[in-house]
Each structure stands twice: as C-alpha cells, then as structure tokens.
Amino acid sequence: MKPVPSSKQQALVSRLMKACGGAYSPETRRKYYISGPQWAAAYQGQALFHAPTRQPVGFEDVIREYAKIGIGYWTTHDTDVIPTEALGKDEQGSIVDRIGKSLKKHGLKCSMVTTETFFHAVWAASPAAESPQVREYAAFRVKNTVEVGHELGAQFAVYWPGSLGYYTQGAVEETETLKWYAGALNAACEHDIAVAKKKHRPTLKHCLEAKPFEPQAEILLPTSDAMLAFIFSGVLTHPEMVGLNPEYLHELMWGGAPRAALARALLAGKLWHFDINDGYRLKHDVDIAVGLVNPLDWLNVLVLLRSHNYNGPFNLDYKPPRTTSNSGVFAVSFPTAVDRFITLWEMAGDVLADPIIKDATDALKAGGEPVDVRDAEAVTAAHRELLSLHELVGHRLFQILIGAHRGRTYSV
Ligand code: GCO
Ligand code: MN
Ligand code: MN
C-alpha cells in the first residue's frame, strides 16, 4: 500500500468503519442507559509520562457529538466545565446555564455529576486533610456539586476519593482520615436533602468509587468491598443515601473478579451506578474501552446484571487511546464502545434465554439422586457426572460470544 496523505486519512478511517458494519443507529443506542463522561471525550492523552496527543474539546462539542452518536446521557466533574476559581461564583451560574441549554438543544440529559478532589494542588493532602480549612473547602466543593447536579437534573453524584491515602507511612492516621472523609459526604447528603426539598426533586444517589492503587501509593478505601464496610461502619449520617459506583477495571486491577464484586454490591442493595471499561489485572489504570480486553468476562458481568434487573447507568469511563485522533474519538472510539456494549448486553439476553444453559443449570440445581447426606463418598458419587456441566456451560458461553449458537462454524 502507498503512504496515505494526511488529507485522505479521515476518509480512510471512515471507509473502514463502514466496512466493519454492525453499527447500531443513534435511536437504538439511545434506548440504553449509557452515559458519556465529559472527561473521557475531552481526555487529551496526557497520562503520566505522556504529552497530550489531542486538542482540547469543550462541553458544547462533546454534547453535540454524543448526540450524533446516540449517547443519551452526559456526566461531568465540576472542574471539567467550571474553572476552579469560578466555583460557587456568578460565572458558575452562567456556565451551568449554557450547559443546560446545550443538553436541551441536543436532547441529552445529565445523569451524574462528580467532584474533582484529586487534581488541584489544594488536594495534595486529600480532601480529608488534617487542616480544618481544607476540609471546609472540601465540604464546600461537594455541596456545590450537589447544587450543580440539581440544576442540571442529575440523579447521581459520584465520589472517587483517590487522594485518600499516603506515600509515607504513619503521617496519616487512618481512622481519623476516614471520619473526616465521612464528614464531607455527610455535608453533601445533608445539603442535598435541603436543596432537593426546596426544588421539589428527589435527593441524589451518592455513589462511592474505589480504585486500588493510584494516585496515592496506599489507598484507604481501595475496593468496593472496603467502601461497603465504610458505608455500614456508622460514620455516615445518611448511609441510606450512599451506595456504590464500581468501575469494572478497578476491581480487576487488584486481582479481584469484577462480577463477584458486583454481586456483593447487589447483595448489599448498593449497586447504583457502574463505570464501564476494560483492562488488565495487576496493572495501572489503563482505562481501555469496554470489551476490548475481556469480552467473555464482560458477557458474564452483563448476564449477572440483567438477571438482577440492574437499571442504573452504564458510564463509559474509559480513555480513548493516545493513538486516536480528535476526530477518531467521535468517529471510532465512542460509537464502537457503545456498540460493543449493546452487543454484549443483547448477548447476555441470549445467554439467559439459552435452553442448553438453562437445562444445565436446572440440572445442577436439582442435584443427584437422594443418598445419605452424612456420607461424603455417596454424595460425591451422586454428582460425579453432573458436575461436567460446569465446563459445558463455559463452552456454551464461548459459543454464544462468537455466535456459534447461531450456526457460525469454521473448518479447514
Ligand atoms: C479513574 C476514575 C475516574 C472517576 C471519576 C469520577 O479511572 O481515574 O475512575 O475516572 O470515575 O473521577 O469520579
Ligand atoms: Mn471511574
Ligand atoms: Mn479507571
């Protein structure tokens, strides 16, 4: 192939995108509760050690492009759209106004707002720092985000306390820090109750998001399980208002099984919001788009969520790779991520309706013929053949993933 001139590259990408086929229409995509973060589309590729590879993109462009793709919901950090120095000031009001108009014009809704408590120098010692002034500032920030959320009609507020931890041991007293952090959440919930009452709106669902490592060396609330323990520990004044926003990759990062982490959140009634992406075990937060690394595991995750009637948002919290251009972010990255999600979600429906999987799981639950249940040998023998069904189910899931259940075969 001849070198491709710059002027022809977008057309080439677009021709190959069409050739891929299988794209859902924007109308179809809008039927799913899929949200697109401002920060994901605006990410310039400037991760640690990397210079940006893309130009900045403002909320107007992001909202317009999400609308064209068919992403029906938009999410944001406070400082993704409002400069830190304008927070709580008149300028904030006019920006929020413009956001509201832009959402309306393009038919999107804001589903979630989140407070940036990790980037600015003020958070060097975390939002739950020793200094009462930093903590007062943190309370102001989360309360302000609650107000922005109500203004924009959001239902969820997310908190990622990634800066809650330390680099050098012993400088931070963990129980004290966790209580101080609870203070910020309590301020947000109490303010939410007052604002919701005034606005005749339901209160927001406040969702904690864990990440096991980064940006601190040691993290005080590293997993969704740690957060469940925190919610139920007695330090929150409104634990009923606080739930979880697990992120798929964050559970994988510590070596956990995301599906099991989600199951524990479901049992606790706290699975309210879900950040969807992909990546690798025991690596840094690579934030790859959903389904590009672990499609079989993703299929199983969605089987679990479908079977428990999870009806919260699926938030596309990934980072378009540095190799993707500004136009590629909206021409390739987001539409393909959305379409893989929809495909996996529908495949999860196939799994739940599959007669072979149903037969196999029914048989496993029925068990073997009655024997003396105090006799280990007899109980083992009664199930010996039945248990081969575990591997058979695994194979069937693979078949569904690749479409073999619909007759797709290969031969030499
Ligand atoms: C990450 C985090 C963030 C949070 C966001 C919302 O991967 O760095 O997941 O993207 O989701 O800050 O609070
Ligand atoms: Mn996230
Ligand atoms: Mn992440």
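Figure 1. Taken alone, ligand 1 exposes 330 Å², of which the protein buries 95%; accessible areas come from the Shrake-Rupley method with a 1.4 Å probe, and for residues only the protein chains shown count as cover. Around ligand 1 there are 14 residues, of which His77, Glu209, Glu247, Asp285 and Asp317 come nearest, a residue being near if one of its heavy atoms lies within 4 Å.

The model is predicted, so that local features need pLDDT of at least 70 and side-chain atom pairs count only at pLDDT 80 or more, while totals for chains, interfaces and linings use all residues. Residues are numbered from 1 along each chain as its sequence is written, chains are lettered from A and ligands numbered from 1 in the order in which they are written, and side-chain values use heavy atoms, with hydrogens and water left out.

**Figure 2. The site of the manganese ion (ligand 2)**. Glu209 (OE), Glu247 (OE), Asp275 (OD) and Asp317 (OD) coordinate this ion at 2.0 to 2.1 Å, where donors are N, O and S atoms within 2.8 Å of the metal (3.2 Å for Na, K and Ca) and sites may look incomplete because water is not among the atoms. The angles among the six donor atoms of ligand 2 run from 70 to 166°, and the site is octahedral; six donors count as octahedral if opposite donors are over 155 degrees apart and all others between 65 and 115. Along the sequence, the donor residues of ligand 2 are spaced E-x37-E-x27-D-x41-D. Glutamate 209 lies in the loop between S6 and strand S7 (218-219), and aspartate 317 in the loop between strand S10 (314-315) and helix H13 (326-353), so the pair ties together parts that are 108 residues apart in sequence; helices (H or I, at least four residues) and strands (E, at least two) are DSSP runs, numbered from the N terminus. Glutamate 209 is buried at 6% relative accessible area, and aspartate 317 is buried at 7%, buried meaning under 20%, exposed over 50% and partly exposed in between (1.4 Å probe, protein chains only).

**Figure 3. The site of the manganese ion (ligand 3)**. The six donor atoms around ligand 3 subtend angles of 53 to 157°, which makes the arrangement irregular. Glutamate 247 bridges ligand 3 and the manganese ion (ligand 2), which lie 4.6 Å apart. Glutamate 247 is buried at 1% relative accessibility, and aspartate 285 is buried at 11%.

**Figure 4. Serine 111 in strand S3 (residues 109-114)**. Serine 111 is buried, with a relative accessible area of 0%. Leaving aside neighbours within four places in sequence, serine 111 is in contact (heavy atoms within 4.5 Å) with residues including Tyr33, Trp74 and Phe156.

Definitions and conventions:
Four donors count as tetrahedral if all angles lie between 85 and 135 degrees; four count as square planar and six as octahedral if opposite donors are over 155 degrees apart and all others between 65 and 115; anything else is irregular.
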